[in-house]
Amino acid sequence: MIEKANLEVFAETLLDLAKKDKDIIVVTSDSRGSGKLTNFGKELPDQIIEVGIAEQNLVGICAGLSSAGKKVFGVSPSSFLTARSLEQIKNDIAYSNYPVTLVGISAGISYGQLGSTHHSIHDIAVLRAINNIDILVPADNFETRHSIINAVNYSKPLFIRFGKKPMLKIHNDDTSFIIGKGIKINEGKDILFVTTGETAQRALLATEILHKKNIYSSHINIHTLKPFDDDLLIESLSKVKAIISVEEHSESGGLGEKCASIISQHNIKIPFKIIGFPDEYMINGSQSDVLDHYNMSPAKLASIAENLIK
Amino acid sequence: MNLKDLQLKSIEYRKTILEIIYNGKAGHTAGSLSCIDILNVLYNKVLNINPQNFNNTDRNRYIQSKGHSVEALYTVLCDKEFFDKSELKSLNKFNSHFIGHPTKKVNGIEHNTGALGHGLSVAVGIGIGFKLDNKSFKVYTLLGDGELSEGSVWEALTSASKYKLDNLVVIIDRNRLQITGSTEEVNPIEPLADKFKAFGFSVKEINGNSVEELDNIFKTIPFESEKPNLIIANTSKGKGISFIENVVSWHHRVPNDEEYKLALEELNLEQEKLIQ
């Protein structure tokens with residue numbers, strides 16, 4: 001079942017929470033439209049701070065508001081938020097230890113044809129290398145809603161990124177969502193899909209294709225990239241013949257390399273394919289076309305899986 | 001604390017700055033000496049920040065955006081009894097919290113700084129937070145003049161003006177030198193007052209090494225209702241020591257035995273003159 005865009009769920013959830021808690025403050029950089037926060041601005045004008053197109057200033061102001069006791073959500077396109085303001089994130093949020101939530105909207109290649117200036121395929125890698133900030137990459141509406149609910153009173157700096165396209169429903173509402181714990185979606189004996197964020201739905205569809213060929217997939221979704229659920233990965237590996245990681249991010253420094261690091265340090269030998277964006281000038285196109293081009297169509301994921309366990 | 005007490009404090013502080021840099025074998029000597037009178041008046045007359053109220057968010061705030069002059073901040077915080085002076089002996093030593101830039105690991109420090117151009121946005125955020133809660137506290141921040149080349153400073157100025165932060169006090173330590181040389185040769189920043197006025201600030205200019213002028217100016221805040229305050233504090237880099245004052249190479253030079261002795265002699269002489 002196709003549900004809403006995670007972006008919409010984020011905005012609705014935050015508005016609901018902020019109506020009940022006047023200390024929740026949203027800071028935007030001319031991004032209330034792209035952040036679906038126009039309603040928030042209309043309904044709670046005293047709880048939105050607009051800094052204009054100035055992402056460095058946005059992050060610094062978030063730190064200050066947090067210091068003054070506010071529960072702060074800084075919302076800006078992930079590309080600009082995590083590149084332009086990286087030093088502010090590092091020093092003013094993470095190192096200074098303010099429990100601010102930075103929300104990277106239109107993450108990955110959400111902006112499609114707008115090109116590489118707007119793509120955010122570096123954000124996870126750069127923030128993984130910053131001490132004292134946790135990273136959430138929700139896959140569906142359920143994970144997005146719970147990411148935002150958990151963020152309000154989270155005790156540490158937090159980064160959450162997602163896209164703006166409607167998403168497949170992946171989890172039931174009674175699923176347990178705990179920051180730092182991955183979620184088991186499927187269990188099968190042949191291949192393990194490890195996903196994060198919105199590519200989870202592509203692995204889910206690949207699992208269905210494989211099932212018809214009597215190839216059975218396990219699938220774990222890692223909504224929290226930092227701190228990482230090493231135990232779930234190790235435990236899931238023991239039951240399959242091969243592993244494929246899928247992420248809407250550069251192959252450098254993302255989910256796949258994190259898994260590779262854990263696997264090698266546990267002396268586990270297993271066929272492994274990392275699916276992400278390679279280090280090259282990226283092809284232009286819609287988000288969906290580009291993901292397909294870089295091996296993330298369900299059919300391609302299924303055929304990669306098939307080859308891997310031959 | 002009267003004027004003479006403040007002047008004596010400044011001399012005592014300058015001695016401590018030199019002592020800890022001399023013992024720690026590193027530090028930003030001249031910049032700490034240029035801004036120490038500002039910190040003296042802030043902490044002894046204006047801020048009312050002390051170890052008893054520091055953990056309470058309902059108080060004034062001070063953010064030192066020019067983080068490299070941390071020895072001046074350590075000196076004043078030590079005098080305000082945030083920590084014992086013996087702790088300052090660990091400056092720059094292995095596993096010490098007393099490092100070369102402000103860190104919240106040291107009691108009394110509000111925000112981690114060191115990379116330039118960061119403090120003002122954070123101060124603006126605090127100022128907005130106070131306004132949202134109708135709190136009457138003020139937020140003070142000290143910027144270096146070389147720091148003004150950072151574009152993020154000017155982003156922050158626009159928000160301060162938009163949100164009418166008359167509770168924000170920006171102080172520019174205008175000592176006219178940076179690590180390479182004269183600020184006006186490295187990257188000209190004048191006309192400063194006109195620039196800040198154009199950004200919506202109420203601007204005043206004083207001698208930033210005169211505790212008397214500093215004391216007087218802080219009493220007049222807010223300069224104008226609904227406008228953020230900006231003080232251009234004209235200072236001398238290395239103020240108080242003849243052979244350090246306005247000498248570019250003293251940006252982060254450490255005094256040798258002879259220089260340390262001479263500097264203390266100069267300060268002792270000043271002290272004697274004041275006491276007489």
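Guide: Axes are lines fitted to C-alpha atoms, for helices over the stretch in contact, and angles run from 0 to 180 degrees between N-to-C directions. The model here is predicted.

Visitor: At what angle do helix 2 and helix 8 of chain B pack?

Guide: Helix 2 of chain B covers residues 29-46, and helix 8 of chain B covers residues 211-219. Their axes are 9 Å apart. The angle between them is about 50°.

Visitor: Is helix 2 of chain B parallel or oblique to helix 8 of chain B?

Guide: Angles under 35 degrees count as roughly parallel, and 65 to 115 as roughly perpendicular. The angle of about 50° therefore makes helix 2 of chain B, relative to helix 8 of chain B, oblique.

Visitor: Which residues of helix 8 of chain B make the contact with helix 2 of chain B?

Guide: From helix 2 of chain B come B:Asp37, B:Ile38, B:Asn40, B:Val41, B:Lys45 and B:Val46. By class, the contact has 6 nonpolar, 1 polar and 3 charged residues. On helix 8 of chain B, the residues are B:Val211, B:Leu214, B:Asp215 and B:Phe218.

Visitor: What is the handedness of the crossing of helix 1 of chain B with helix 8 of chain B?

Guide: The axes of helix 1 (residues 3-24) and helix 8 of chain B cross at roughly 120° and come within 9 Å. That angle makes the two helices oblique. The crossing is right-handed.

Visitor: Which helix gives the largest share of the side of chain B that touches chain A?

Guide: On chain B, 21 residues are in contact with 23 residues of chain A. Helix 4 (119-132) and helix 5 (151-162) of chain B each give two or more residues to that side. The largest share, 10 residues, comes from helix 4 of chain B.

Conventions. Residues are numbered from 1 along each chain as its sequence is written. Chains are lettered from A and ligands numbered from 1 in the order in which they are written. This is a predicted model: local features need pLDDT of at least 70, side-chain atom pairs count only at pLDDT 80 or more; totals for chains, interfaces and linings use all residues. Helices (H or I, at least four residues) and strands (E, at least two) are DSSP runs, numbered from the N terminus. Angles under 35 degrees count as roughly parallel, over 145 as roughly antiparallel, 65 to 115 as roughly perpendicular and the rest as oblique. Two residues are in contact if their C-beta atoms, placed from the backbone, lie within 7 Å. Ala, Val, Leu, Ile, Met, Phe, Trp, Tyr, Cys and Pro count as nonpolar, Asp, Glu, Lys and Arg as charged, and the others, Gly among them, as polar. A crossing is left-handed if the near helix is turned anticlockwise from the far one by less than a right angle, and right-handed if clockwise.
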